[in-house]
Amino acid sequence: MSTVLVTLMPFWSERLGVPRTVGVEFPYGHLLGQPGDRDTQMGVIRAALKLLEEATGPGEVRELDYVWPQEIDEAKRDWQPPEPSPIIKMMIDQRRSQRQGEG
Amino acid sequence: MTVDSFRFLPGSIAAYYKNMTVQREDPVPFTPLGKPLDQCRFALVTTAGIYNKGKEPPFDTEREKREPMWGDPSFRRIPKDVSQEEIGACHLHTNNRDVLLDVNILLPVQRFLELESEGVIGSLAPTSYSFMGYQPDTTAWRQQYGPEAAVLMKDEAVDAVLLTPS
């Protein structure tokens with residue numbers, strides 16, 4: 001089977017080795033755009049299909065020009081879960097314990 | 001345009017990722033597309049942690065809460081005729097609000113059905129697949145669940161896969 005990856009982090013594709021990659025500068029959880037934005041969703045998919053057709057060897061990365069419409073600080077907050085994930089919560093608790101130990 | 005992979009991350013997490021050492025696939029796998037797009041059957045694979053409510057159970061996030069260094073390595077099947085109301089989401093590392101409004105931002109089932117209708121692709125396979133994106137240890141993915149999903153895709157004569165990690 002042939003594969004094509006859409007990612008927010010083409011940084012990893014270059015380091016890990018991925019057959020074909022389309023990179024977009026979107027926040028986490030929004031690989032193909034915003035909810036209801038059919039045009040952007042379809043645009044990213046069509047770029048992925050084009051790469052699937054045209055790539056002649058492994059490792060090609062194509063980065064798309066879409067600009068995320070939200071203001072950066074708002075976008076950084078918006079994708080994050082309502083409460084810290086278990087691993088982040090664990091790290092916060094560990095740091096708190098360390099500080100209490102030092103105090 | 002050069003995509004900044006860290007633009008939306010908090011600085012501490014970005015720094016951690018930038019300094020992580022990873023093992024590169026060598027050689028990088030590559031399967032040429034064996035036929036024109038309009039004859040290809042596609043499957044979609046995401047790591048959005050979504051599932052088909054009432055048909056399959058959610059991912060085991062209770063265990064992840066007890067064991068933060070563990071992520072559920074299993075997968076869920078999403079049928080091509082799934083409706084938005086049937087989508088559940090339980091990823092603990094991103095806000096699930098938007099995927100619960102529109103699954104197509106992570107698993108573009110409706111968009112692929114449109115491409116099928118337009119004749120751009122041959123078809124969307126009956127089943128697509130959802131994994132849980134948080135995997136501190138990918139051994140079970142590599143050894144069990146990845147190969148299992150690949151067999152199911154082969155059984156449905158899939159030619160090509162769109163991967164959307166989250």
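Author: A:Val22 has A:Arg62, in strand 3 of chain A, as its bridge partner. This is a predicted model, in which local features need pLDDT of at least 70 and side-chain atom pairs count only at pLDDT 80 or more, while totals for chains, interfaces and linings use all residues. As for labels, residues are numbered from 1 along each chain as its sequence is written, and chains are lettered from A and ligands numbered from 1 in the order in which they are written.

Back to that bridge. It belongs to a parallel pairing over 4 bridges between strand 2 (residues 20-23) and strand 3 (residues 60-63) of chain A. Two strands count as paired if DSSP finds at least two bridges between them. Helices (H or I, at least four residues) and strands (E, at least two) are DSSP runs, numbered from the N terminus.

Contact here means that the C-beta atoms of two residues, placed from the backbone, lie within 7 Å.

So what does A:Val6 belong to? The largest nonpolar core has 58 residues, and A:Val6 is among those with the most contacts inside it, along with A:Ala48, B:Phe42, B:Ala43, B:Ile50 and B:Val161. Helix 2 of chain A gives this core its largest share, 6 residues. A nonpolar core is a set of buried Ala, Val, Leu, Ile, Met, Phe, Trp, Tyr and Cys residues joined through C-beta atoms within 7 Å. Buried means that 20 or more other C-beta atoms lie within 10 Å of a residue's own; 12 or fewer makes it exposed, in between is partly exposed, and C-beta atoms are placed from the backbone. In soluble globular proteins, nonpolar side chains tend to be buried together.

Next, the contact between the chains. It takes 52 residues from chain A and 45 from chain B. On the chain B side, helix 2 (61-66), helix 3 (97-101) and strand 7 (160-164) each supply at least two residues. Strand 7 of chain B gives the most to that side, with 5 residues. Sorted by class, the chain B side has 25 nonpolar, 9 polar and 11 charged residues. Ala, Val, Leu, Ile, Met, Phe, Trp, Tyr, Cys and Pro count as nonpolar, Asp, Glu, Lys and Arg as charged, and the others, Gly among them, as polar.

Step back to chain A as a whole. Chain A has 4 helices and 3 strands, in the order β-α-β-α-β-α-α from the N terminus. Its radius of gyration is 18 Å, well over the 13 Å that the globule rule gives for 103 residues, so chain A is more spread out than a compact globule. That radius is taken over C-alpha atoms, and the rule is 2.2 Å times the number of residues to the power 0.38. The C-alpha trace of chain A spans about 60 × 30 × 20 Å along its principal axes, and 34% of its 103 residues count as buried.

Chain B holds 5 helices and 7 strands, and its pattern reads α-β-β-α-β-β-α-α-β-β-α-β. With a radius of gyration of 17 Å, close to the 15 Å from the globule rule for 166 residues, chain B is as compact as a globular protein of that length. The C-alpha trace of chain B spans about 45 × 40 × 35 Å along its principal axes, and buried residues make up 39% of the chain.

One last stop on chain B: B:Ala157, in the loop between helix 5 (139-155) and strand 7. Phi of B:Ala157 is near 60 degrees, a positive value in a residue other than glycine. B:Ala157 is exposed, with 12 other C-beta atoms within 10 Å.
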